[in-house]
Amino acid sequence: MISVTKLLFDTDYFGDSLRYSKASHGARNGTTEETGPVVVWNSTRTCNLHCVHCYMDSDSQKYAGELSTDEAKRLIDDLADFKVPVLLFSGGEPLIRPDFFELAAYAQAKGIRPTLSTNGTLITPEVAGKIKHIGVGYVGISLDGLRDVNDKFRGKEGAFHAAMQGIQNCVAVEQRVGLRFTINRHNFEELDNIFDFIETEKIDRVCFYHLVYSGRGQQMVDEDISPEESRHAMDTIIRRTMDFQKRGLNKEILTVDNHCDGVYLYLNALKHDPHRGERIKQLIGYNGGNRSGIAFGEIDPYGYVHPDQFTQHITFGNVRERKFSEIWTDSNHPIMAGLKDRKSLLKGRCSQCQYVSFCNGNFRTRAEAVTGDFWESDPACYLTDTEIGIS
């Protein structure tokens, strides 16, 4: 995750301390040597929508074997002992679980910051009030465009309207809320409209996700944008973020799942403000790039532990059999060991890149989806050979 606002302006939001501190540099099992990783728990596979790029391949049916309330509480106890700073409740649609509020409150009481990733369609005024009351730190609501574009991707007419009501209900109770927007060929030209939208609707935050070819998203390789379009998208994000800052609008702008964004911000800043460029280089150096298997991990609805939510075909163990903390610190699995120290394993352009310490080989699942090799170059890197030092 790249905080555009932090890199450009040294703003401070909650997640920045987990990504851009000296203490995070070199950690192998968490956000720092003293804390565990940020954990996303896909608490259910059931969902009321049918999104075309869903990495969980979720739908509306009920799935057997998901962690029970008691099992989830034991998991949260272990995460608290492991000093996990954030537990992201995701899905499917996590609000479908009848025990969501009980478990989120339990995590908060244990000193873990509960956050929520949702499609927003189930957030009534009453639900928004409960979310605020139990201390959910942040609600991320997924939109993939405005109105018809979003409904097409979400597989349900009226999904945009329902999500909008969910956003407005969060804003009404002063619950911190943001958008999760996955960039693809069908919506990348809407970026300016998305910035207008978050300003008009008084939304605090937006995360622009790069497409990862996982789950139903495996069918969307040809729907990803080109390197030139990726650069154009980043130019738009930079321009609009700077405009917000100039006008005194406090909006947290992030990009997700493509760490060459940080290098692109650095190279762009060098042309206009070398001092800022060097500061960006320092910050992305602290972060170290993609940290799946290190500072970020995922637990699926059945308790299996994976490097991240997009890499569920690789499993390190199950929390019903071993504590998450034991699984996460056990490097006997070759992929777990490789992720914690991957630079010597990288191939192709990634292995030759002069900025590999700032990107860490980017996203391994995307590389494997296209090449069949987990350690090959990430095809979504849009930096040129000249920029990365390959003659």
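The model is predicted, and local features need pLDDT of at least 70, side-chain atom pairs count only at pLDDT 80 or more, and totals for chains, interfaces and linings use all residues. Residues are numbered from 1 along each chain as its sequence is written, and side-chain values use heavy atoms, with hydrogens and water left out.

**The sheet**

Helices (H or I, at least four residues) and strands (E, at least two) are DSSP runs, numbered from the N terminus. Two strands pair if DSSP finds at least two bridges between them. An open sheet of 11 strands, with mixed pairing, runs in the order β1-β8-β7-β6-β5-β4-β3-β2-β9-β10-β11. β1 (2–3) and β11 (317–318) are the edge strands; each has a single partner strand, so one side of each lacks a neighbour in the sheet.

Strand β6 (residues 177–183) is mostly covered, with 7 of its 7 residues buried; buried means under 20% relative accessible area, exposed over 50%, and partly exposed in between (1.4 Å probe, protein chains only). In a regular strand the side chains alternate between the two faces of the sheet. In β6, Val177, Leu179, Phe181 and Ile183 are buried on one side, and Gly178, Arg180 and Thr182 are buried on the other. β6 pairs in the parallel sense with strand β5 (residues 138–142) over 4 bridges, and Gly140 stands opposite Gly178. Its pairing with strand β7 (residues 205–210) is also parallel, over 6 bridges; here Arg180 has Cys207 of β7 as its bridge partner.

Strand β9 (residues 296–299) runs parallel to strand β2 (residues 38–42), joined by 4 bridges. β9 is joined to strand β10 (residues 304–306) by 2 bridges, and these two run antiparallel. Ile299 of β9 faces Trp41 and has Val305 as its bridge partner in β10. Glu298 stands opposite His306 in β10. The hairpin of β9 and β10 has 4 residues between the strands, and Gly303 there takes a positive phi near 95 degrees.

**Helix α11**

The expected span of a helix is 1.5 Å times one less than its number of residues. For the 14 residues of helix α11 (residues 274–287) this rule gives 20 Å, and the end C-alpha atoms are 20 Å apart, which agrees. The buried residues of α11 are Arg276, Gly277, Ile280, Leu283, Ile284, Gly285, Tyr286 and Asn287. They pack against α1 (4–9), α2 (16–19), α10 (260–272) and α15 (356–359), where contact means heavy atoms within 4.5 Å. Just after α11, Gly288 has a positive phi of about 80 degrees.

**Pockets and cavities**

On a 1 Å grid over the protein atoms alone, a cavity is a set of points where a 1.4 Å probe fits but cannot get out, and a pocket is an open set with protein on both sides within 12 Å along at least five of seven lines; lining residues have an atom within 4 Å of a point. Grid points are joined across faces, edges and corners, and a volume is the space filled by probe spheres set on the points. For the lining classes, Ala, Val, Leu, Ile, Met, Phe, Trp, Tyr, Cys and Pro count as nonpolar, Asp, Glu, Lys and Arg as charged, and the others, Gly among them, as polar.

| Site | Volume | Lining by class |
|---|---|---|
| Largest pocket | about 790 Å³ | 16 nonpolar, 11 polar, 9 charged |
| Second largest pocket | about 270 Å³ | 4 nonpolar, 8 polar, 6 charged |
| Second largest cavity | about 140 Å³ | 10 nonpolar, 3 polar, 2 charged |

The largest pocket is lined by 36 residues, and Met1, Arg19, Val38, Arg205 and Phe296 lie nearest its centre. α2, β3 (86–90), β4 (113–118), β5, β7 and β8 (252–256) each give at least two residues to this lining. The largest share, 4 residues, comes from β4.

The second largest pocket has a volume of about 270 Å³. Its lining has 18 residues, of which Gly26, Ala27, Ile294, Lys343 and Asn360 are closest to the centre. α11 and α13 (334–340) are the elements that give two or more residues to this lining, and the largest share, 3 residues, comes from α11.

The count comes to 3 cavities of 30 Å³ or more. The second largest cavity is lined by 15 residues, with Cys350, Cys353, Cys359, Cys381 and Ile388 nearest its centre. α10, α14 (348–352) and α15 each supply at least two residues of the lining of this cavity.
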